[in-house]
Each structure stands twice: as structure tokens, then as C-alpha cells.
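This briefing is meant for a first look at the structure below. Please keep the sequence and the model at hand while reading.

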Amino acid sequence: MRMQLEGGIVEAIGGTPLIRLGRLFKDQPFEVYGKMEWMNPGGSAKDRPALYMLREAIRRGEVTSDSVIVESSSGNLAISLAQLCCYLGLRFICVVDPRTTEQHKQIIRSFHGEIDLVTEPDAETGEFLPARIRRVGELVGQIPNAYWTNQYGSPDNAKAHMETTMSEIGEKLGPIDYLFCGVSSCGTIRGCMEYIRSRGWSTQIVAVDAEGSVIFGGEKGSRRFPGLGAGMVPGLYKHDVADLVIYVSDLDCVEGCRALVRSEAILAGASSGGVISAIRKMSGIIPEGAVCAAILPDRGERYLNTVYNDEWVLQEIGSNPSTWHGRLEYDLFTR
């Protein structure tokens with residue numbers, strides 16, 4: 001009998017709120033709506049592709065009750081897959097690297113997921129992602145009935161966002177003027193782009209990438225936060241996936257997160273802060289009356305020891321958050 005990925009916790013995935021960020025951008029002539037993806041049960045936008053990839057693999061007969069699911073992840077997709085595999089009673093192994101936070105790893109283990117840590121980057125590129133993918137290949141070759149969901153190349157990753165994330169935004173707001181979307185595997189932005197283009201909307205799609213990421217041809221460099229940017233171009237990337245690319249620094253991510261908390265009482269993860277900072281960087285050219293949607297991918301609790309830790313920010317990024325409190329948080333976006 002074929003497994004069914006439905007009912008229970010599965011029913012809570014998707015349908016996340018879309019909230020106007022009217023306080024944070026109160027002095028701007030445009031409107032910004034945040035898609036609260038961190039309100040998915042697994043805590044991030046990755047619940048959507050995790051569900052879609054597993055469900056489709058089950059439908060095709062590629063995943064059965066004997067399968068062992070293997071994936072490379074910086075953290076959030078691993079949590080989503082761990083939760084769903086736990087629900088299905090499947091063994092799940094996630095290949096991570098040292099940038100994955102302890103909180104992410106603890107959550108994965110709580111869902112009975114197994115951690116396989118790659119400690120050394122790829123010798124040729126100096127990046128962890130190729131090393132993680134190589135390790136996935138080794139595990140798939142060694143473990144009977146192993147199945148790689150492959151978030152970096154699976155069309156189902158993008159389809160999940162085309163059919164749910166962007167569809168939900170479209171149903172609420174119609175043909176928006178701007179979409180701000182962080183990039184890593186490119187699944188979210190690819191799916192949103194295909195939805196937008198299929199309807200002939202004139203929406204400007206803004207890719208928010210990390211400084212040090214090579215996805216759009218940027219110069220390779222170090223990145224402290226998982227889930228934003230990549231050390232290699234993912235298979236889901238297309239040259240026309242975005243109309244504009246905005247690069248954000250680690251400090252931009254921290255400032256954006258803290259502004260979001262102070263103004264809107266929204267505790268979001270690092271990539272959400274990057275998206276907020278990207279809107280700030282473009283605020284001078286977004287026309288009056290424009291409607292912008294910003295995808296806020298994950299929860300902030302997973303970054304309490306980094307983004308929301310003053311000592312860590314001072315030590316790792318070289319900025320002292322205690323000096324920010326004497327001014328309005330929005331001033332960070334008018335520098």
C-alpha cells in the first residue's frame with residue numbers, strides 16, 4: 001500500500017499570513033507586505049518544497065516505506081524534511097556543514113533526523129556546498145533504498161512555490177509591483193517567477209543575495225549566515241529568474257532583523273533581515289503607491305545566539321548593537 005502524505009501536521013503547511021509592515025515603512029510612499037513563512041509548522045518556507053518533493057516522489061513510486069531520505073541542507077529544509085519523515089516513519093539523514101546552527105541541529109535531532117557533518121570544504125572551490133553534495137552521493141551509494149530529494153535541482157522545489165507561495169500572494173494582493181525574495185537553492189524565486197511570468201504581470205522580481213555568494217556572478221567570499229546565497233550556481237537558477245539583484249552583508253541581515261522586531265514585533269531569521277535591508281536599499285527608487293511583497297523565510301529563535309546576541313554581533317561582525325538603541329530603528333534604513 002502506497003504511503004499517504006496528508007492529514008495531521010501536513011495540513012498546517014502553507015496558507016501563511018501576509019501582513020502589511022506599516023510601522024517599519026511608515027515614512028515611505030509605497031506599501032510592503034511580509035509573507036510570514038516562518039509560521040509554517042516547521043518554522044520556514046522550506047516546509048513547502050519538502051512536502052511537494054516528498055509527495056511527488058511518493059506519487060511516482062520513487063519513495064516507499066523502505067526508503068531512506070538523504071539531503072544536503074544548511075538547516076531549514078532539513079528541519080522540514082525531518083518533520084515530514086518523522087510523520088511518515090522514514091529514516092532521514094541530513095548532510096550539514098559547520099555553519100549550520102546548533103539550534104537547527106537540535107531541532108533536526110528532535111524529529112529523529114540524523115546529522116552527517118561535513119567538516120572540510122571542497123578542496124577545489126573552498127566551498128562547503130560541493131563537499132556536502134559529494135557526501136550525499138556517497139551516502140546514496142552506500143545505503144540501500146536511499147533517495148536524494150535534491151533541493152538544488154528538483155523542479156518540484158520550484159513548483160511548490162509556484163503553486164502555493166506566489167499563488168497565495170497573488171490571491172491576496174493581485175499583480176504586485178515588486179517581489180523581494182532571498183535566494184539560495186533558487187527554488188522560491190524560480191517558482192514565484194514562473195507564476196508571475198505565466199500571468200503576464202509586470203512585477204519587478206528582486207533577488208536578495210548575500211555578499212560572497214556566486215549565484216549571480218558575484219565575487220566569492222565568506223558568509224556567516226546559512227540559507228542566503230550559495231557557493232555554487234544551483235541547478236534551478238535561470239538567467240532571467242530576477243530583474244534585479246541586491247546584495248546584502250551580514251550586518252545588513254542583523255540590522256534588518258532587529259528593525260523588524262523593534263517596529264513590527266516580528267522575530268525573524270537572518271535572511272528575512274536581508275530582505276528587509278534590500279527594500280531599504282531600494283527605497284529611493286520604488287515609486288509612490290507601489291505594492292511590494294517580501295518573503296520572510298524563517299523564525300528568529302534559531303538565531304538567538306547570533307543575530308540577536310549583542311556579543312556575537314560585536315565579535316563576529318564588528319558592530320555594537322548597544323549603540324543602536326539611542327535612535328529610531330528606522331534610522332538604520334536612511335543611512
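The model is predicted: local features need pLDDT of at least 70, side-chain atom pairs count only at pLDDT 80 or more, and totals for chains, interfaces and linings use all residues. Residues are numbered from 1 along each chain as its sequence is written, and side-chain values use heavy atoms, with hydrogens and water left out.

**Sheet**
- Six strands form an open sheet with mixed pairing, in the order E1-E2-E10-E7-E8-E9; strands (E, at least two residues) and helices (H or I, at least four) are DSSP runs, numbered from the N terminus.
- Strand E1 (18-20) and E9 are the edge strands, each pairing on one side only; pairing requires at least two DSSP bridges between two strands.
- E8 and E9 are parallel over 5 bridges, and Asp209 has Tyr247 in E9 as its bridge partner.

**Helices on the sheet**
- Helix H5 (residues 155-173) lies across E1, strand E2 (31-36), strand E7 (178-182) and strand E10 (291-296), at about 145 degrees to E10; angles run from 0 to 180 degrees between N-to-C directions, with axes fitted to C-alpha atoms, for helices over the stretch in contact.
- Helix H6 (residues 187-198) touches E7, E8 and E10, contact meaning heavy atoms within 4.5 Å.

**Ala242**
- Ala242 sits in the loop between strand E8 (204-210) and strand E9 (244-248).
- Leaving aside residues up to four places away in sequence, Ala242 touches Ile189, Ile205, Ala207 and Phe216.

**Helix H9**
- At the start of helix H9 (residues 310-317), a side-chain oxygen of Asn309 comes within 3.0 Å of the backbone nitrogen of Glu311.
- Gly318 follows H9 and has a positive phi, near 85 degrees.

Terms used: A polar contact is a pair of N or O atoms within 3.5 Å; within protein, one must be able to donate a hydrogen and the other to accept it, and residues adjacent in sequence count only if both atoms are side-chain atoms.
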